[in-house]
Amino acid sequence: MKRFLLYGLPVFLWMGMIFYASSQPYEKQDLRPTLSSNLDLNTVEHLFSSISFHYAGDEISVEALGAAHFLEFFIRKAAHFFTYFVLGFLIYRAFDRFLLNNRLTFMTSWILTILYAISDEVHQGYTPNRSPHVEDVMIDTIGGLIGIMIALFIYRKIRTKRI
């Protein structure tokens with residue numbers, strides 16, 4: 001029971017936090033008013049006006065979105081990456097205690113992270129004013145993979161110090 005509380009519970013709490021965040025409509029998470037009141041958006045427009053690309057079929061540029069929404073896009077994508085970085089790390093940490101094979105622990109952790117990212121995007125499809133994107137699953141997957149690789153490196157170091 002102690003092992004579950006120490007290693008398994010953080011995974012489920014983090015997954016619950018992700019689920020809760022995905023359950024909120026866009027209006028509750030809108031960062032644009034905060035960004036507009038705390039940043040000089042003219043500087044943002046000046047610095048980033050030449051950047052333009054497409055993401056999930058939409059043009060991402062200061063011209064198309066406005067400076068606040070442009071910044072919010074990058075904050076949201078960084079949040080995707082970070083959230084799944086932590087999830088991947090926590091899943092690896094939990095399975096490292098129960099599976100002895102590093103390769104099996106790595107693959108199981110990554111597959112579970114990917115499956116949760118997919119389920120999270122499907123869940124967003126049922127949330128008002130939110131939409132699922134394959135591109136977000138890709139960001140989540142990369143974040144989770146890097147979190148898992150860092151966990152693998154750390155736990156390998158810990159094991160070699162014990163020997």
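## Charged pairs, cores and helices in a predicted model

Asp-136 and Lys-77 meet in a salt bridge, with their closest N and O atoms 2.8 Å apart; the term stands for a side-chain nitrogen of Lys or Arg within 4 Å of a carboxyl oxygen of Asp or Glu. This pair connects distant parts of the chain, since Asp-136 sits in helix 8 (residues 134–162) and Lys-77 in helix 6, 59 residues apart. Helices (H or I, at least four residues) and strands (E, at least two) are DSSP runs, numbered from the N terminus.

A word on the ground rules: this is a predicted model, in which local features need pLDDT of at least 70 and side-chain atom pairs count only at pLDDT 80 or more, while totals for chains, interfaces and linings use all residues. Residues are numbered from 1 along each chain as its sequence is written, and side-chain values use heavy atoms, leaving out hydrogens and water.

**Charged side chains**

- Asp-136 and Lys-77 are both buried, where buried means under 20% relative accessible area, exposed over 50%, and partly exposed in between (1.4 Å probe, protein chains only).
- The whole structure holds three salt bridges.
- Another of these joins Glu-72 to Arg-76, with 3.6 Å between the closest N and O atoms. Both residues belong to helix 6 and are four residues apart, about one turn of the helix. Glu-72 counts as buried because its relative accessibility is 0%.
- Asp-30 and Arg-32 also form a salt bridge through their side chains (2.9 Å, N to O). With a relative accessible area of 29%, Arg-32 is partly exposed.
- Which residue is buried yet has no salt bridge? That is Arg-93, whose nearest side chain of opposite charge, Asp-96, is 8.5 Å away; for this search Lys and Arg count as positive and Asp and Glu as negative, with His and the chain ends not counted.
- Arg-93 is part of helix 6. Not counting residues up to four places away in sequence, Arg-93 touches Leu-6, Tyr-7, Pro-10 and Tyr-155, contact being heavy atoms within 4.5 Å.

**Nonpolar cores**

- A nonpolar core here is a set of buried Ala, Val, Leu, Ile, Met, Phe, Trp, Tyr and Cys residues joined through side-chain atoms within 4.5 Å.
- The largest such core has 13 residues, and those touching the most other members are Val-11, Met-15, Ile-18, Tyr-84, Leu-87, Ile-91 and Tyr-116. At least two residues come from each of helix 1 (2–23), helix 6 (67–98) and helix 7 (102–125). Helix 6 gives the largest share of this core, six residues.
- Met-15 is in contact with Leu-87, Ile-91 and Tyr-116, leaving aside its neighbours within four places in sequence.

**Helix 1**

- At 1.5 Å a residue, the 22 residues of helix 1 should span 32 Å, and the 31 Å between its end C-alpha atoms agrees; the expected span is 1.5 Å times one less than the number of residues.
- Where does helix 1 bend by about 45°? The bend is at Gly-8, with a proline, Pro-10, following within four residues; the angle is taken between axes fitted to the seven residues ending there and the seven starting there.
- Tyr-7, Gly-8, Val-11, Met-15, Ile-18 and Ser-22 are the buried residues of helix 1. Helix 6 and helix 7 are among the elements that cover them.

**Helix 7**

- Phe-106 lies in helix 7 and is buried, at 18% relative accessibility. Leaving aside neighbours within four places in sequence, Phe-106 contacts Tyr-92, Leu-145, Ile-148, Met-149 and Leu-152.
- The C-alpha atoms of Phe-106 and Tyr-92 are 6.7 Å from each other, with the two residues 14 residues apart along the chain.
- Ser-109, in helix 7, is buried at 0% relative accessibility. Beyond residues up to four places away in sequence, Ser-109 touches Ile-91, Tyr-92, Phe-95 and Ile-148.

**Positive phi in loops**

- Ala-56, a residue other than glycine, has a positive phi near 55°. Ala-56 sits in the loop between strand 1 (52–55) and strand 2 (58–61), and is partly exposed with a relative accessible area of 25%.
- Asn-129 has a positive phi near 60° and is likewise not a glycine. Found in the loop between helix 7 and helix 8, Asn-129 is exposed, with a relative accessible area of 55%.
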